[in-house]
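Reader: Could you walk me through how to read a structure like this one, feature by feature?

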Amino acid sequence: MEANIHSTGRLPAAFLTPGSSSFMDFLGSHSPEMLPGNRRLPDGVVEAPHGTTIVAVTFPGGVVLAGDRRATMGNMIAQRDIEKVFPADEYSAVGIAGTAGLAVEMVKLFQLELEHFEKVEGATLSLEGKANRLSTMIRSNLGMAMQGLAVVPLFAGWDEGREKGRIFSYDVTGGRSEEHGYAATGSGSIFARGSMKKLYREDLTEEQATTLVVQALYDAADDDSATGGPDLYRNIYPIVTVITDEGFRRLTDQESSEVARRVTDRRLQEPDGPRAALL
């Protein structure tokens, strides 16, 4: 983009008056090589850290989105304290699973996309519109996904029009599905989903919902080596975020550790977790 700057040091007029409310379209017109899906990969097998399990649960006042902290590279632990849950804007958040580097870059681009739209249009996108924009971005990464560098996020937020929390899941082609009640993505998702299926109720409180996602991540870590459970020795705990009509809020390390310690203490008596009623 430096070549497009005038000798005076000022940006061209086209940069200051974009013709589209989409930052991705604008970037694609002026510097397409900067989009993640247009990067040239080196020849041969590409080994990159992968993020694993993300879970989300709705409750009457909003939605909880959480993720474990482990990134893996093959059978190795690449990072023990990676962050996988990010605010997209004031009322929505994204949890990443898949190739960590590309996923974080996509989240940053998505944050810019939403901010750019708001500045150009003078209004925020609806939650449905945000989910659609993210779908387009994932689809643009399909070439990378076909080479093993997939990004499969979970998107959640507060719908101001419907006055409730909503969850959207995606596949590698950008296909979007709205999930009802709870959802999970990543390598441990099958175990997390099974855990949530037995514990979820429609009348959960916020505190119960945060406990439920930590229980689900614990169960995922119990059966999936790529998912990291609470690390009490290193003080590494799941990232738990809550989105309500008051906006996005991330639980503090102290709050997250208290939930995780309650769960692990209870597991000393019941290693397989809470029991659901038979009938």
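Predicted model: local features only at pLDDT ≥ 70, side-chain atom pairs only at ≥ 80, totals over all residues.

Reader: Fine. How many helices and strands does the chain have?

Author: Helices (H or I, at least four residues) and strands (E, at least two) are DSSP runs, numbered from the N terminus. Here the chain has 8 helices and 14 strands.

Reader: And what share of the residues is buried?

Author: Buried means under 20% relative accessible area, exposed means over 50%, and partly exposed is in between, with a 1.4 Å probe and protein chains only. Of the 279 residues in the chain, 48% are buried. Taking contacts between residues at least 6 apart in sequence, 64% join residues at least 24 apart.

Reader: On to helix packing. At what angle do α6 and α7 pack?

Author: Start with the axes: they are lines fitted to C-alpha atoms, for helices over the stretch in contact, and angles run from 0 to 180 degrees between N-to-C directions. For α6 (residues 189–199) and α7 (residues 206–223), the angle is about 140° and the axes are 7 Å apart.

Reader: Why are they called oblique?

Author: Angles under 35 degrees count as roughly parallel, over 145 as roughly antiparallel, 65 to 115 as roughly perpendicular, and the rest as oblique. With an angle of about 140°, α6 and α7 are therefore oblique to each other. For handedness, a crossing is left-handed if the near helix is turned anticlockwise from the far one by less than a right angle, and right-handed if clockwise. The crossing of α6 and α7 is right-handed.

Reader: Which residues meet there?

Author: From α6 you get F191, A192, S195, M196 and L199, and from α7 they meet L212, Q215, A216, D219, A220 and D223. By class, that contact has 7 nonpolar, 2 polar and 2 charged residues. Ala, Val, Leu, Ile, Met, Phe, Trp, Tyr, Cys and Pro count as nonpolar, Asp, Glu, Lys and Arg as charged, and the others, Gly among them, as polar.

Reader: Now α3 and α4: how do their axes cross?

Author: The axes of α3 (residues 100–121) and α4 come within 11 Å and cross at roughly 135°. That makes α3 oblique to α4. This crossing is right-handed too. On the α3 side, M106, L109, F110, E113, L114 and F117 meet K130, R133, L134, M137 and I138 of α4. The classes are 8 nonpolar, no polar and 3 charged residues.

Reader: K130 is charged. Which salt bridge does K130 form?

Author: Side chains of opposite charge can pair when their charged atoms come close. The cut-off for a salt bridge is a side-chain nitrogen of Lys or Arg within 4 Å of a carboxyl oxygen of Asp or Glu. K130 pairs with D89 at 2.7 Å, N to O. D89 sits in strand β6 and K130 in α4 (residues 127–140), so the pair ties together parts 41 residues apart in sequence. K130 counts as buried at 5% relative accessibility, whereas D89 is partly exposed at 23%.

Reader: How many salt bridges does the structure hold?

Author: It holds 16. One of them joins R250 and E83, whose closest N and O atoms are 3.1 Å apart. R250 is in strand β14 (residues 247–250) and E83 in the loop between β5 (76–79) and β6 (85–89), 167 residues apart. Both are partly exposed, R250 at 31% and E83 at 34%.

Reader: Is the R166 and D159 pair buried or exposed?

Author: Buried: R166 has a relative accessible area of 2%, and D159 comes in at 9%. Their side chains meet at 2.6 Å, N to O. Salt bridges with shared partners join E128, D159, R166, R176 and E178 into one network.

Reader: Last stop, the loops. What does A150 touch?

Author: Leaving out residues up to four places away in sequence, A150 touches A97, G98, T99, N141, A145 and V172. A150 lies in the loop between α5 (142–146) and β9 (154–159) and counts as buried at 17% relative accessibility.

Reader: And where is P230?

Author: P230 is in the loop between α7 and β13 (239–244), and counts as buried at 18%. The C-alpha atoms of P230 and Y218, 12 residues apart along the chain, are separated by 7.4 Å.

Methods
Residues numbered from 1 in each chain as written. Heavy atoms only, no water. Contact = heavy atoms within 4.5 Å.
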